[in-house]
Amino acid sequence: MAVKKIGELLVESGLISSEQLEEALKESQAGKGLRVGAVIVKKGFASEVDIAQTLSFQLNISFVDISSATVDPEAIKLVSERLAKKYLLVPLYLERKVLKVAMADPLNLNAIDDVRFSTGMEVRPCVATLSDVTGAISRYYHLNEPIEELIGDLKKDKLVEVIHEPDANRDISEQVRKSAAPPIIKMVDSIIIHGADNRASDIHIEPQERGVKLRIRVDGLMRETMQLPKWVQGPVTSRIKLMAKMDIAERRVSQDGRIKVRLGDKSLDLRVSTLPTQYGETVVMRILDPKAETHDLGSVGFLKDDLERVKDLIERPQGVVLVTGPTGSGKTSTLYAMISHIKKEEINIITIEDPIEYELKDVNQVAVNEKTGLTFSYTLRSVLRQDPDVILVGEMRDAETAIIAHQASLTGHLVFSTLHTNDAISSIIRLKNMGIPSYMIASALNGIVAQRLVRTICQNCKEEYSPGAEEIRRSGLKWTGRKLYRGAGCASCNGTGYSGRTGVFEVLPVNAGIRALISSDTPEHEIMAAALKAGMIQMHLDGLKKVAAGVTTLDELTRVIYLSKSVEDKGSVCASCAKPVPLGSEACPHCGRFLKDCGSCGKSRESDWIACPYCGVRFE
């Protein structure tokens with residue numbers, strides 16, 4: 001009956017003629033084992049897609065392209081391979097108590113009844129092409145075959161052991177049982193190992209129309225690892241969700257989770273985030289090593305003068321020290337280095353973080369939890385009753401937290417925190433906009449450190465070169481007559497020429513003059529002028545000093561810090577000693593080098609020359 005109904009629908013829709021249907025029926029009934037739809041396609045009367053889309057329209061059920069759809073491995077487990085092959089169907093996903101099933105023959109009521117009986121679920125059919133269904137059955141019921149080829153280049157010689165923490169609300173053993181498909185486990189483990197071995201800070205699994213892109217972020221830049229086929233999207237996403245104790249049935253909203261894993265003798269924390277997109281859920285895993293050694297303050301990247309200024313700020317008994325910069329600029333690492341520098345047995349240090357990224361020995365660390373009401377402001381009030389000497393507040397997210405932190409500093413505590421601002425001076429304006437009184441900012445603030453991270457030149461392939469005119473023009477600075485350095489690219493740096501990162505800083509100590517300007521609501525440019533007069537080195541000049549020292553490159557500095565033409569108005573840098581030079585100076589005040597160039601050919605000149613030896617132009 002179902003075969004006749006399909007044929008009749010195709011005739012009624014005008015896709016095939018009555019004569020073509022009769023011919024297809026005769027061949028199908030002749031005992032060749034072909035269904036009528038397959039015969040129609042074989043004879044060229046219509047294509048598989050035409051048949052499926054016609055049935056979708058006539059029956060008012062959805063058409064699905066299985067090759068680009070997300071197939072849930074938990075749904076696959078509900079229907080046996082025998083049933084799938086017998087009725088040519090593939091379970092797609094389970095939504096509450098309704099099982100969505102792709103069928104080549106959606107009018108086969110016996111198939112729907114058998115699936116409903118075997119699963120105990122309501123069945124909602126959708127139509128797919130016959131070749132799509134048979135191909136999906138082969139893929140999803142035989143996962144062991146292609147996995148080794150797909151992950152060929154990724155390492156599989158380590159074991160990723162998931163460390164399950166006690167949870168009274170969920171049965172971990174049941175989750176582990178459900179996610180125990182060895183091929184998918186091997187693939188996810190290989191992805192995690194690959195990220196950890198390449199010093200990646202993040203692993204991105206991004207679904208696309210006909211595939212899944214795997215990328216990692218190394219030293220702040222994304223790097224594509226490989227393209228995976230579309231069919232692994234569902235199983236891999238579900239495996240990661242189960243590891244992170246997330247709801248695998250929920251695909252319509254973003255979710256967050258956390259995984260603790262052990263790679264050999266190393267334990268890692270993975271912060272997992274999923275986000276529904278056009279082609280499925282993207283998964284991002286942030287890799288954190290809680291046992292990683294925190295940086296010594298001297299190895300963070302501060303120049304000598306700035307390092308002394310920072311030590312002076314953090315060794316005071318009270319006040320607020322802010323570290324500012326965009327996400328991923330190394331603020332947390334700098335704060336941890338500051339805490340490690342002042343840490344000693346005689347003081348009580350408490351940190352409030354979201355989440356705890358690294359473990360600090362002999363420091364009391366608290367993780368906030370917004371869902372349970374353990375917010376920054378609530379936790380900070382509680383911490384003040386714990387007799388602290390030093391408090392680290394992960395971020396001043398709201399006015400309440402900021403005000404409590406400043407009040408705590410005025411009552412004898414040393415407070416460290418972060419803000420998301422572009423530079424040191426704008427942090428003062430941001431605090432005022434958050435509603436903190438100017439007098440309180442002026443009284444509490446010790447200083448502000450603004451920072452970025454730049455990649456450092458690989459020491460294995462470091463080479464000397466002369467910067468070209470275009471490179472100098474893009475940097476917006478006069479930089480002639482000096483050799484610089486870059487990485488040629490080698491195996492150890494993966495051909496990038498860079499390995500590791502260091503900080504570029506702007507340190508603003510708040511002295512008496514700047515306090516007076518802050519409390520009187522002086523405009524930002526006047527505070528900037530006072531800070532420069534007090535010896536603050538702007539971030540771009542700090543970076544140029546590191547370029548001159550061969551730590552990083554001009555290209556990398558201009559990638560991280562926007563150097564507009566207006567930078568020239570703030571002065572330049574001496575090509576000889578790499579120290580900042582005030583606007584309009586004819587000679588460097590530090591080393592005495594004459595700074596003027598030939599206006600005709602651009603070559604550097606000496607102070608006693610009357611004409612340029614390169615182009616012959618006379619100097620006035």
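Analyst: A crossing counts as left-handed if the near helix is turned anticlockwise from the far one by less than a right angle, and as right-handed if clockwise. This is a predicted model, in which local features need pLDDT of at least 70, side-chain atom pairs count only at pLDDT 80 or more, and totals for chains, interfaces and linings use all residues. Residues are numbered from 1 along each chain as its sequence is written, and side-chain values use heavy atoms, leaving out hydrogens and water.

User: In what kind of crossing does helix 15 pass helix 16?

Analyst: Helix 15 passes helix 16 in a left-handed crossing, helices being DSSP runs of H or I with at least four residues, and strands runs of E with at least two, numbered from the N terminus.

User: What makes helix 15 roughly parallel to helix 16?

Analyst: The axes of helix 15 (residues 376–383) and helix 16 (residues 399–410) cross at roughly 20° and come within 8 Å. Axes are lines fitted to C-alpha atoms, for helices over the stretch in contact, with angles from 0 to 180 degrees between N-to-C directions. Angles under 35 degrees count as roughly parallel, over 145 as roughly antiparallel, 65 to 115 as roughly perpendicular and the rest as oblique, and therefore helix 15 is roughly parallel to helix 16.

User: Which residues of helix 15 and helix 16 meet?

Analyst: Phe376, Ser377, Leu380 and Arg381 of helix 15 meet Glu400, Thr401, Ile404 and Ala405 of helix 16, contact meaning heavy atoms within 4.5 Å.

User: Why is helix 20 called roughly antiparallel to helix 21?

Analyst: The axes of helix 20 (residues 512–519) and helix 21 (residues 524–533) come within 10 Å, crossing at roughly 175°, which means that helix 20 is roughly antiparallel to helix 21. Ile514, Leu517 and Ile518 of helix 20 make the contact with Glu526, Ile527, Ala530 and Ala531 of helix 21.
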